[in-house]
Amino acid sequence: AAPPIAPPLPRRILPATAGPAPVPMVPPRHRACVKMEELLSAVCEGMDLEANDDLRLPLRNLANGLREVVSQLREGESLWKSENFDLQHFWKSLGECFKAISHEATKLSLAFSKPPLPSVQDCQKLTADFQKNVLNLTTVYYWLPKSQGVTLRRLVRDATVDVVEGVIQLLNVILSTPLQSLSQGQLTSTGGVWEACDRFSKLPKDNQAAVLSLMLSYAAIVEDALEEMEQAQHADNPDPFSDIFDDADTRENRDTYWSEADKQVMAPCLGLVKAAKACLKKVSAAMKTHGKVDSLQHITQLDDLGDITSEISPSVDELVLSLYPPMDHVTVQMNAANVTMVLNKVLEIAKSSHVCPESENSWLQFLSGAIEHNMDKVKDLTQGST
């Protein structure tokens with residue numbers, strides 16, 4: 001007898017509340033990407049070209065289209081819903097795009113580095129391949145929603161723009177030099193694209209790392225400003241412009257020296273700069289220890305800290321510049337007050353965020369007191385001027 005026919009496998013039925021089974025999602029294409037494709041479409045249009053000069057036309061069209069791409073990259077929001085977003089898949093796809101553009105830059109540079117020149121068809125294919133890979137890169141960039149972090153998205157955007165601008169520079173060099181020669185400029189521009197693409201591996205992979213990387217750069221600027229002023233006011237170097245003027249011993253313009261009153265004002269001002277340095281160090285350490293990217297609220301708090309700490313180094317620079325002679329005490333007090341306001345805001349935002357639990361209260365209070373003390377000293381020493 002024939003074996004019985006097996007019954008069909010039952011369909012997997014999900015509970016009514018479970019919703020559809022998760023499947024890999026591809027977000028709708030962003031309107032900016034569609035516009036980019038339209039702007040770049042001229043690159044692939046059929047052209048009846050034969051002369052060598054005509055080979056430049058697809059390159060020129062591509063360069064012009066990429067300039068529009070750069071302007072479009074600075075606009076628009078992600079169309080990917082945050083709850084469906086796969087950050088790991090995003091980084092994998094973005095890395096593949098950067099690698100592809102690096103490869104295309106090498107192909108393009110080699111094609112125009114020595115005879116024979118590529119045919120019209122080969123040139124059109126080169127530019128079409130570049131167009132496709134640039135559009136892939138911009139499309140993947142637009143996957144990244146702001147809910148993953150405004151700071152992170154800004155860094156990814158800047159890295160993407162750097163790559164596209166590097167390609168534009170390479171195209172400009174090829175267009176401006178003989179087509180059958182490999183110039184130093186072409187080598188440098190090709191290396192510039194490689195370098196921009198290689199920076200992908202150094203990009204922070206979440207918003208916590210993104211904000212920390214920026215805060216590290218802010219701290220380095222403040223440290224440089226502090227060292228500059230400490231060296232300038234050293235007891236063995238009463239003239240802050242001694243490294244600028246060779247005739248320091250014969251100069252009679254006292255506006256290039258600090259008065260005793262100026263030196264007294266400098267002490268609490270440098271105290272504020274040291275407080276700024278300590279503030280960045282402590283907030284960074286707290287963020288590294290307690291920072292989280294597991295919810296929109298936590299990610300937003302990290303962005304808020306990134307935004308306010310970005311104001312520290314510019315305010316410190318203004319204060320330090322106003323300390324050089326001839327010192328105007330009114331300006332110094334205003335700049336010191338601005339540093340104080342920024343630092344207090346940093347401490348306030350940090351204290352109300354998840355990166356500063358109660359265990360961090362001691363240094364928050366200490367820094368708050370140090371800032372207030374130094375600002376009060378600045379006011380006392382400059383009140384005659386105001």
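How many helices and how many strands are there in the protein? There are twelve helices and zero strands, where helices (H or I, at least four residues) and strands (E, at least two) are DSSP runs numbered from the N terminus. Read along the sequence, the pattern is accordingly written α-α-α-α-α-α-α-α-α-α-α-α.

This is a predicted model, in which local features need pLDDT of at least 70 and side-chain atom pairs count only at pLDDT 80 or more, whereas totals for chains, interfaces and linings use all residues. Residues are numbered from 1 along each chain as its sequence is written, and side-chain values use heavy atoms, with hydrogens and water left out.

Of the 386 residues of the protein, 47% count as buried, a term that means under 20% relative accessible area, with exposed meaning over 50% and partly exposed lying in between (1.4 Å probe, protein chains only). The protein exposes about 20700 Å², of which carbon and sulfur atoms supply 54%; accessible areas come from the Shrake-Rupley method with a 1.4 Å probe, and for residues only the protein chains shown count as cover. Among contacts (heavy atoms within 4.5 Å) between residues at least 6 apart in sequence, 81% join residues at least 24 apart.

Two helix pairs can be followed in detail. The axes of helix 7 (residues 207-232) and helix 10 (residues 312-323) come within 9 Å and cross at roughly 10 degrees, axes being lines fitted to C-alpha atoms, for helices over the stretch in contact, and angles running from 0 to 180 degrees between N-to-C directions. Helix 7 is therefore roughly parallel to helix 10, since angles under 35 degrees count as roughly parallel, over 145 as roughly antiparallel, 65 to 115 as roughly perpendicular and the rest as oblique.

Helix 9 (residues 296-309) and helix 11 (residues 329-351) pack at an angle of about 170 degrees, with their axes 9 Å apart, so helix 9 is roughly antiparallel to helix 11. Here Asp304, Leu305, Ile308 and Thr309 in helix 9 meet Val342, Lys345, Val346, Ile349 and Ala350 in helix 11.

The cysteines remain. With a disulfide taken as a pair of cysteine sulfur atoms within 2.5 Å, the count comes to zero. Cys356 is buried, with a relative accessible area of 5%, and its sulfur is 9.3 Å from the closest cysteine sulfur, in Cys279, too far for a bond.
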